[in-house]
There are 2 protein chains.
Amino acid sequence: MKKLVNEPADLVAQALRGLAAAHPDLRVDHDHRIVVRADAPVPGKVALVSGGGSGHEPLHAGFVGPGMLDAACLGEIFTSPVPDQVVEATRAVDGGAGVLHIVKNYTGDVLNFEMAAELVAAETGTDVVAVVTDDDVAVRDSTWTAGRRGVGVTVLLEKIVGAAAEQGRPLAAVADLARRVNASGRSMGMALTSCTVPAVGRPTFDLPDGEMEIGIGIHGEPGRRRVPLATAHEIAEMLVEPILADLDFTGSPAILFVNGMGATPLLELYLMYDEVAGLLGKAGVPVARSLVGPYITSLDMAGCSVTVLRADDELLGLWDAPVRTPNLRWGA
Amino acid sequence: MKKLVNEPADLVAQALRGLAAAHPDLRVDHDHRIVVRADAPVPGKVALVSGGGSGHEPLHAGFVGPGMLDAACLGEIFTSPVPDQVVEATRAVDGGAGVLHIVKNYTGDVLNFEMAAELVAAETGTDVVAVVTDDDVAVRDSTWTAGRRGVGVTVLLEKIVGAAAEQGRPLAAVADLARRVNASGRSMGMALTSCTVPAVGRPTFDLPDGEMEIGIGIHGEPGRRRVPLATAHEIAEMLVEPILADLDFTGSPAILFVNGMGATPLLELYLMYDEVAGLLGKAGVPVARSLVGPYITSLDMAGCSVTVLRADDELLGLWDAPVRTPNLRWGA
């Protein structure tokens with residue numbers, strides 16, 4: 001294993017110290033491993049809390065700040081945060097207008113966020129609504145998931161819904177919007193190589209030189225099938241076809257997100273963008289906005305995922321609204 | 001070789017098509033492989049042109065836009081752009097106030113930018129001044145370099161000097177500032193793994209499982225020494241000590257840039273940031289601003305580099321000024 005680490009068990013804690021030092025405009029609670037926007041709680045604003053296992057950076061801590069998340073809870077690598085973390089985060093950002101939990105659909109995450117929501121509601125009466133993302137069309141159930149996995153749409157949702165909360169919309173409207181964004185997005189990923197969890201020290205799965213995994217999960221969970229290496233054009237078809245088969249994207253402007261899994265260079269991602277945008281064009285899906293880069297990763301996995309979000313003027317306006325976080329920032 | 005490509009020889013051209021499609025606010029000349037900010041030429045503004053071999057993305061095309069570069073020229077992978085590309089880029093952005101060429105110190109780049117500057121001056125009388133970056137303390141001369149290599153400071157320089165040009169400063173002042181930024185920054189990098197050039201199909205160099213290369217160049221050029229794998233703490237010492245030995249950074253605010261070489265996860269970079277910031281703190285170097293992420297890469301190399309820039313209030317103000325490019329964007 002070749003990694004920049006000291007003790008693998010300390011990686012998340014020390015990376016969080018680095019994040020805190022590099023971004024003094026965020027508040028970091030190292031005991032609870034939560035990252036909070038500096039001005040939280042914002043009175044009268046619905047607060048957004050997300051979180052999940054580490055290893056997917058910049059998701060979620062890199063998206064904390066005005067216009068996006070109010071707080072993120074960091075679990076160990078590929079491990080759900082515990083309810084206590086979510087309780088602390090929810091308390092820290094509650095500005096009196098309620099709190100939205102954004103939860104990727106993995107069984108541990110869903111249970112722990114639910115438990116936290118119940119604890120907070122019982123203690124403080126805070127209104128908490130959870131929205132679960134489940135945009136991955138690759139598989140119906142998976143290693144750690146009943147139902148579809150939550151992947152790339154989570155990034156787009158955090159941005160769009162974060163902008164809506166910043167406008168002062170009430171909790172019910174913010175939650176409705178979040179459900180609508182989730183329902184409007186679909187994703188599919190692939191891996192050229194496995195990731196290696198530092199505490200394990202060897203690749204999570206074995207992927208021979210001439211093969212790739214189509215439909216991979218962001219923790220290395222099995223996808224749809226293992227096939228021989230193919231060209232970028234063929235790979236784009238394998239990712240786009242199941243997305244378009246699952247939801248009608250024609251006739252509305254789309255947000256296209258080509259994501260790197262961690263070890264894939266930007267040059268290859270832009271090449272994939274060209275392929276994917278070409279396929280969407282042929283299918284009558286007009287791309288109105290784009291995001292290209294490693295935003296929901298799987299440690300050092302090589303590969304990519306594609307997320308397509310069916311949008312409208314409202315969603316595009318919220319996407320364009322100012323945001324100020326370590327890893328998505330514009331207009332502010 | 002596991003990469004998202006079609007024909008390896010077409011990678012740069014197709015990635016450029018993807019970049020153009022994803023960023024309609026940039027102008028792309030596919031014949032000359034240059035990327036130009038949409039509103040160029042900006043009358044009365046000094047224009048900044050950079051470029052170099054591809055494979056270091058987002059450098060340089062990802063830094064084109066208001067507040068940073070006016071144009072970038074893309075060579076083939078790890079290959080200098082030809083003079084004709086630089087001539088076209090210089091013409092395209094010349095707003096009558098002169099053009100600054102920002103050139104990383106590699107022999108081919110320096111020669112081709114020089115030739116282009118002479119051609120443009122002879123044809124159109126445009127004032128062109130070149131500033132060469134040479135911040136890498138690792139080695140005195142290298143495979144493709146007489147004198148020190150230009151690396152991470154190039155990113156910081158393009159941002160800071162881009163802001164100064166945006167303010168309307170004249171060419172001589174902009175060039176002086178660029179020289180001052182280069183003289184104030186030092187870098188050192190390391191590799192855990194080699195990169196693989198797609199057209200070659202095998203790793204550029206052999207780096208056994210238990211070893212790493214300290215002082216690596218961004219094309220995989222040899223560094224100072226090959227040593228057994230070490231902890232992140234030890235690696236940080238190996239990178240920071242030569243930087244601090246080469247320039248006095250005490251007593252001034254510094255900009256600290258921890259850069260990923262391409263395949264290293266953000267989690268590891270933040271851990272390295274914690275180590276490096278700790279060492280700078282002990283050495284009496286106060287860090288005032290930070291940049292963490294893969295900004296000057298070497299394809300799919302795993303590893304990192306550290307750049308420290310001795311700043312002052314003027315440089316920090318220019319760093320903070322609005323910028324709107326695909327990969328550095330804030331306040332605009």
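Two strands pair if DSSP finds at least two bridges between them. Helices (H or I, at least four residues) and strands (E, at least two) are DSSP runs, numbered from the N terminus.

I am working with a predicted model: local features need pLDDT of at least 70, side-chain atom pairs count only at pLDDT 80 or more, and totals for chains, interfaces and linings use all residues. Residues are numbered from 1 along each chain as its sequence is written, chains are lettered from A and ligands numbered from 1 in the order written, and side-chain values use heavy atoms, without hydrogens or water.

**Entry 1, sheet of chain A.** I looked up the strand order. It is an open sheet of 6 strands, E1-E2-E4-E3-E5-E6, with mixed pairing. Strand E1 (26-29) and strand E6 (128-133) each have a single partner strand, so one side of each has no neighbour in the sheet. The twist averages 20 degrees from one strand to the next; angles run from 0 to 180 degrees between N-to-C directions, and axes are lines fitted to C-alpha atoms, for helices over the stretch in contact. I then checked E2 (34-37) and E4 (71-77) of chain A: they run antiparallel, joined by 3 bridges. Ile34(A) faces Cys73(A) of E4(A).

Contact means heavy atoms within 4.5 Å. H5(A) lies across E3, E5 (99-104) and E6 of chain A, at about 5 degrees to E6(A).

I took H4 (153-166) and H5 (171-184) next. They pack at about 155 degrees, axes 9 Å apart. They are therefore roughly antiparallel (under 35 degrees is roughly parallel, over 145 roughly antiparallel, 65 to 115 roughly perpendicular, the rest oblique). Among the residues meeting here are Leu157(A) and Ile160(A) from H4(A), and Leu177(A) and Val181(A) from H5(A). By class, the contact has 10 nonpolar, 1 polar and no charged residues. Ala, Val, Leu, Ile, Met, Phe, Trp, Tyr, Cys and Pro count as nonpolar, Asp, Glu, Lys and Arg as charged, and the others, Gly among them, as polar.

E3(B) and E4(B) pair in the parallel sense over 5 bridges. Ser54(B) has Ile77(B) of E4(B) as its bridge partner.
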